[in-house]
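Subject: Model for your review

Dear colleague,

I am handing over the model below, together with some notes on what I found in it. Please read the notes with the structure open beside you.

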Amino acid sequence: MADNDNKADNKKDNNPPTEEEQRFDPSRRRFMKNTGIAIGGVAGGSLLGGLLTNQFTTEETTAPGSGESDKIPSEARMFFTRYEDFAVLEQATERIFPKDDNGPGAIELGVPYFIDKQLAGSWGMNGKDYRDGPFSESEDSTEHSRLTKGDLFINGVRKMNELSQDQFDTSFDETEEDQQIEILKEFEDDNVDMKGVSSASFFELLRMSVLEGAYSDPLYGGNRNMEGWKMKEYPGPISAYIDKIESNDFVTMDPISLTDYQQKS
């Protein structure tokens, strides 16, 4: 999912139907473990920011500073025209992939902007999917739904905000971390009514998008500074290991991106 099409299509996708604490407590721990296990286990090291390989301790997560030095020109909203929606997305991604002693979380890795860029492109519009009927009547999957992925994300983050207002009398991005996890668990457990798709299916789409943003090539807008790869000691798209394959020792390599293969001049 790495296409970026015309910005002119954004508005159409953006108008779907309306509708640490320092330490983990047991319910938070179960939530984080479950979201990681669903991908098929730990693949070569840390997953979800290393949560499955550390002592389940973490620092309070906050968004990167707002100073001029923190601004990255390429990180600008292309799909989410309403900041309130994007703020919910930011906090939801951080709860799924939080910052901890192993490295940065989703916000610092640029995952929210990665998702925004994908939704602004053909992936978000289901541009390469078969879009004629009959559409699936089942809400157990996001496959061949009448709604685009952009619609699903807008509906999902607004539903999170709605639940937060109802349960905690404040917006999702302003609630405590445990309260945000409580809401996300409601989605994961399929206890939230959504239009056109089950809340569990939406949560799975969100979770996979977060993992893709954390571990995809930085070319696509996430995995800022290749920090996701560094946490997993993944070297990136290395063309050959001829000079290292005979080594009896573990070889630590600085990761490279697909952009490193492009001609510079």
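Where is the place of Ser171? Ser171 sits in the loop between H5 and H6, where helices (DSSP runs of H or I, at least four residues) and strands (E, at least two) are numbered from the N terminus. At 15% relative accessibility Ser171 counts as buried, a term that stands for under 20% relative accessible area, with exposed meaning over 50% and partly exposed lying in between (1.4 Å probe, protein chains only). Leaving aside neighbours within four places in sequence, Ser171 is in contact with Asn161, Ser164 and Gln165, contact meaning heavy atoms within 4.5 Å.

Before going further, please keep in mind how the model was treated. It is a predicted model, in which local features need pLDDT of at least 70 and side-chain atom pairs count only at pLDDT 80 or more, while totals for chains, interfaces and linings use all residues. Residues are numbered from 1 along each chain as its sequence is written, and side-chain values use heavy atoms, with hydrogens and water left out.

Overall picture

The protein has eight helices and zero strands, so that from the N terminus on the elements run α-α-α-α-α-α-α-α. Of the 265 residues in the protein, 48% are buried. The protein exposes about 13,700 Å², of which carbon and sulfur atoms supply 46%; these accessible areas come from the Shrake-Rupley method with a 1.4 Å probe, and for residues only the protein chains shown count as cover.

Helix H3 and its partners

Helix H3 (residues 83-96) packs with helix H6 (residues 177-188) at an angle of about 90 degrees, their axes being 10 Å apart. Here axes are lines fitted to C-alpha atoms, for helices over the stretch in contact, and angles run from 0 to 180 degrees between N-to-C directions. H3 and H6 are therefore roughly perpendicular to each other, the class for angles of 65 to 115 degrees, whereas under 35 counts as roughly parallel, over 145 as roughly antiparallel and the rest as oblique. On the H3 side the contact is made by Gln91, Ala92, Arg95 and Ile96, and on the H6 side by Glu177, Gln180, Ile181 and Leu184. By class, this contact of H3 with H6 has four nonpolar, two polar and two charged residues, where Ala, Val, Leu, Ile, Met, Phe, Trp, Tyr, Cys and Pro count as nonpolar, Asp, Glu, Lys and Arg as charged, and the others, Gly among them, as polar.

The axes of H3 and H7 come within 10 Å and cross at roughly 75 degrees, and H3 and H7 are therefore also roughly perpendicular to each other. Leu89, Ala92, Thr93 and Ile96 of H3 meet Phe203, Leu206, Arg207 and Val210 of H7 in this contact, whose residues divide into six nonpolar, one polar and one charged. Phe203, in helix H7, is buried with a relative accessible area of 3%; Phe203 and Leu184 are 19 residues apart in sequence and 7.7 Å apart in space, C-alpha to C-alpha.

The nonpolar core

The largest nonpolar core has 41 residues, and those with the most contacts inside it are Phe80, Phe97, Phe153, Met160, Phe187 and Leu206. A nonpolar core is a set of buried Ala, Val, Leu, Ile, Met, Phe, Trp, Tyr and Cys residues joined through side-chain atoms within 4.5 Å. The elements that give two or more residues to this core are H3, H4, helix H5 (149-168), H6 and helix H7 (199-215), and H7 gives the most, with eight residues. Not counting residues up to four places away in sequence, Leu206 touches Leu89, Ala92, Ile96, Phe153, Met160 and Leu184.

Helix H4 and the loops

Helix H4 (residues 111-120) is mostly covered, with 10 of its 10 residues buried, including Asp116 and Lys117. In the loop between H3 and H4, Ile107 is buried with a relative accessible area of 6%.

The loop between H7 and helix H8 (227-232) holds Asn223, which has a positive phi of about 50 degrees although it is not a glycine, and which counts as buried at 0% relative accessibility. Met226 lies in the loop between H7 and H8; Met226 has a positive phi of about 60 degrees, although it is not a glycine, and at 16% relative accessibility it counts as buried.

With best wishes
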